[in-house]
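Subject: Model handover and findings

Hello,

Here is the model you asked about. Please open it alongside this note; my findings follow below.

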Amino acid sequence: MVRRMKLYVISNPEKCSGCRICELVCALKKEGVSNPKKARIRIVRVFPGFDVAVACRFCEEPPCVLMCPRSALSVGENGVIVVEKEKCDGCGICVEACEFGAITLHPDTKLPIACDLCGGEPECVKYCPECALEITSAENIAKRARMISFKKYLETFP
Amino acid sequence: MPAHGHTHRILRVNLTNKKVRVEELNKGILDAFLGGRGVATKLLYEEVPAGTSPLDERNKLIFMTGPLTGTGVPTAGRYDVVAKSPLTSLFGAASGGGHFGAELKFAGYDGVVVEGVAPKPVTLVIRDDAVELRDASHLWGLPTSDAEKIVKEELNDFEVKVACIGPAGENLVRFAAIISERTHAAGRCGLGAVMGAKKLKAIAVSGSGDVGVHDPDALRQEVLELVKRKDVLSAALSAYGSAAFISYVAKSGAFPTHNFKALSSDFKDGFSLNDMSEEVISEKLVIKKDACFCCRTGCRRASRISSGKYEGELGSGPEYESVAAFARCGCSDVDMLLKFQNVCNELGLDVVSAGSAVSFAMECYEHGMLTKEDTDGLELRWGDADAVIALLEKIARREGIGDVLAEGVRTAATTLNAEKYAMHVHGLEIPGYEPRALQGYALSLMTSNRGADAVSSMVMLVDAGLSTPLVQDVSAHASADAKTSLLKELEDWMQVFDSLIICKFFGLSLKFEQLTRLIELATGLELAWSELKIIGERIWNLQRLYNLREAATTKANANAAALPERFFEEPLQSGAAAGNALRREEFEMKLREYYGLRGWGVNGVPTAEKLQELGLGGEENEALRNIKS
């Protein structure tokens, strides 16, 4: 068994300006066009100025894969969702299954699209002008949280 | 037709007979006028009959995108809106930021022309090719954020982009704004009242199409470079938002307060600009950055009121013009500043004109020309922020004195016999820069086709010392009478920006060659920068012709008599420009110089040769026949 760290793209809502350059560069890279609805990462605007980025979390037992009645979806390398075009009929049940809204149907082909991490170097992370995006793992997030809390503890020393 | 930046599709919506149709936008008009404000100017000129009253059903409300909109070029998510202005009865235009313009392009349209009047309130819903008019009776009377929220809920689409009017637009307040995405205003010229007259409460748009461009790979490379780049202007805006201009402008002695009164340096009366400096705004109000579509700078802000009775209320910015409008009312409480901007956004009022109307009333009150009896007991004392808010509500609902002020300061001043306190040019209230301190800007107030207008030249920032790549390029080509020439050139370039449509802050940071390259990659049009500039000049001249046609006299033209007397009679008493007043003779001379540079006659009317040169020699020339000098 290959041991790997599960990676995904997350955003820091405190830094994210909602400019949607991530959507743009994703659509440009994956589809060669400017069209945010073809992006694999999407910005959710909760209130003017308050935004969060949503991309595939690469679930261990992805509901989108489990729910697909035609078994068109499977889990590939690094947890990336793989779509078999021949089997998929664009029914969209995978979209319903995803609690995050991270998988959507391509507006033209109606095939599911989701983040594939650009092979490990996501375009969105590279171009985010606010450095609000990062590719990270649950383990890293926890490590950082532990470090921050420990630093606070240190500050209480005289 | 292959989509090159443009979709070549215009959506025509007739509200009277509920007919909706898609029309092809021909290449000729796009080549001559680029898109955005340029094309809208041409459509307004051709389609709205001379002499149409701005609130008449024959006036048209034209929403436009440009060839760069939605291509991913930074800041190109804006939209432009054009109609005959209810404030000036001349050319009216405004521009809104955010994501609305890009979404309209993704839906497959270069623009939407709204015609006629709906029998009862409607919302125009555009979802790609599906276009419908929905009843909006239940939204009528609602503030903009509530209206937007309900539209989204009813469409069950929380990412749909909504532009709407508030109570001010519905009640035909002549400086009503169109508000998109709750905090972006297409504010100036009162186009919200045109929307209100048409009983169009909101436009909701959602698009899923690509924006086709001439050379996708090369444009992609260019865009990827541009989204990474930072420059001086963008660094300042990134750090403080447009509020960054406060101390910059104040340093030049060009930050007006108290309805442009010339105040001595020991004047206090509880007012201190330091209480709402960009640092204070950042510290007390700002939570985080916010940005328009594909903008790397992010000059916008998400903010929260930090204390007082509105503590906790969220908002945006505040923007420079809100700060300046609030200061003109003698107010400097930073928390109330955000409340002021929020109220303007919710009611759908242009902050610039709203601040001017209130400060005009305050000065009338100071001189006893308005009393408590006239204001239903409201004491309009300088610096009373609660009174400001209360008066804004009255204006938006046309209650009591609010009904008088809702007509704009020009008309209100006639009613109250208080012309000398009415700070406007041709009916459009003056923005937040002091003309006595920035004399190039003072001239631009005279020459602008919208009336008192800062952003159709941006010369006020150049006057205050701003230098950017575009300004350097323009300066290098300016002629001997440098200042006047610079103004003329900047006016033409700003028409280009408003037609492409890109944010002026971004446009100013480009060099000529970068601009022409972006256009070429998006549209395939290979334009030398000089050819591009002529398009700007063509647009400017057509707006001028429109104004001459509508006013049927050169009096509505640029002339020093149109500027408030205060700027000539009352020298500034404090600040870096203390002692400055405008001089009529000098002004008239500069205007003649300007007319000369424009190739216009001494009365400011474009000559036949000039129009010929710009390709406006045909029917446009007709406009000049009936003009009285």
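Domain bounds here come from an automatic or database domain assignment. Please keep in mind that this is a predicted model.

**Domains of chain B**

Chain B splits into domain 1 (9–206), domain 2 (230–429) and domain 3 (439–624). The centres of domain 1 and domain 3 of chain B, taken over C-alpha atoms, are 26 Å apart. Between these two domains, 38 residues of domain 1 of chain B are in contact with 29 residues of domain 3 of chain B.

Which elements supply the domain 1 side of chain B that touches domain 3 of chain B? At least two residues each come from α1 (27–33), α2 (36–47), β4 (79–84) and β5 (91–96) of chain B. Helix α2(B) gives the most, with seven residues. By class, that side of domain 1 of chain B has 16 nonpolar, 15 polar and seven charged residues.

**The six-stranded sheet**

Six strands of chain B form an open sheet. Their order is β2-β1-β6-β3-β4-β5, and the pairing is mixed. The edge strands are β2 (19–24) and β5 of chain B, and each pairs on one side only. From one strand to the next, the twist averages 20°. Helix α2(B) packs on this sheet, where it touches β3, β4, β5 and β6 of chain B. The direction of α2(B) makes about 20° with that of β4(B).

Now the pairings:

- β1(B) and β2(B) are antiparallel, with six bridges. B:L11 has B:V22 in β2(B) as its bridge partner.
- Strand β1 (residues 9–14) of chain B pairs with β6(B) in the parallel sense, over five bridges. Here B:N14 stands opposite B:E115 in β6(B).
- Strand β3 (residues 61–64) of chain B runs antiparallel to β6(B), and four bridges join them. B:F63 has B:V112 in β6(B) as its bridge partner.

Why is β6 (residues 111–115) of chain B described as largely enclosed by the rest of the structure? Because five of its five residues are buried. B:G111, B:V113 and B:E115 point one way from β6(B). B:V112 and B:V114 point the other way, and all of these residues are buried.

A second open sheet in chain B has three strands, in the order β13-β14-β15. Its pairing is antiparallel. The edge strands are β13 and β15 (314–316) of chain B, each pairing on one side only. The twist averages 25° from one strand to the next. Four bridges join β13(B) to β14(B). B:D290 stands opposite B:R300 in β14(B).

B:C294 is in the loop between β13 (286–290) and β14 (300–304) of chain B. Is B:C294 buried or exposed? B:C294 counts as buried because it has 28 C-beta neighbours inside 10 Å, and 20 or more are needed. Leaving aside neighbours within four places in sequence, B:C294 has contacts in both chains. In chain A, B:C294 is in contact with A:C19, A:R20, A:I21 and A:L24. In chain B, its contacts are B:G72, B:P74, B:T75, B:A76, B:G77 and B:V227. B:R328 is 34 residues along the chain from B:C294, and their C-alpha atoms are separated by 34 Å.

**Where chain A meets chain B**

How many residues of chain A are in contact with chain B? There are 22, in contact with 30 residues of chain B. On the chain A side, the largest share comes from helix α1 (residues 21–31) of chain A, with four residues. That side of chain A divides into twelve nonpolar, six polar and four charged residues.

**The nonpolar core**

In soluble globular proteins, nonpolar side chains tend to be buried together. The largest nonpolar core in this model has 255 residues. B:I62, B:V81, B:L349, B:A361 and B:L392 touch the most other members. Helix α13 (residues 351–366) of chain B gives this core its largest share, ten residues. Leaving aside neighbours within four places in sequence, B:A361 is in contact with B:L370, B:L380, B:L391, B:I401 and B:L405.

Best wishes

Notes
Residues are numbered from 1 along each chain as its sequence is written. Chains are lettered from A and ligands numbered from 1 in the order in which they are written. This is a predicted model: local features need pLDDT of at least 70, side-chain atom pairs count only at pLDDT 80 or more; totals for chains, interfaces and linings use all residues. Two residues are in contact if their C-beta atoms, placed from the backbone, lie within 7 Å. Ala, Val, Leu, Ile, Met, Phe, Trp, Tyr, Cys and Pro count as nonpolar, Asp, Glu, Lys and Arg as charged, and the others, Gly among them, as polar. A residue is buried if 20 or more other C-beta atoms lie within 10 Å of its own, exposed if 12 or fewer, and partly exposed in between; C-beta atoms are placed from the backbone. Two strands pair if DSSP finds at least two bridges between them. Axes are lines fitted to C-alpha atoms, for helices over the stretch in contact, and angles run from 0 to 180 degrees between N-to-C directions. A nonpolar core is a set of buried Ala, Val, Leu, Ile, Met, Phe, Trp, Tyr and Cys residues joined through C-beta atoms within 7 Å.
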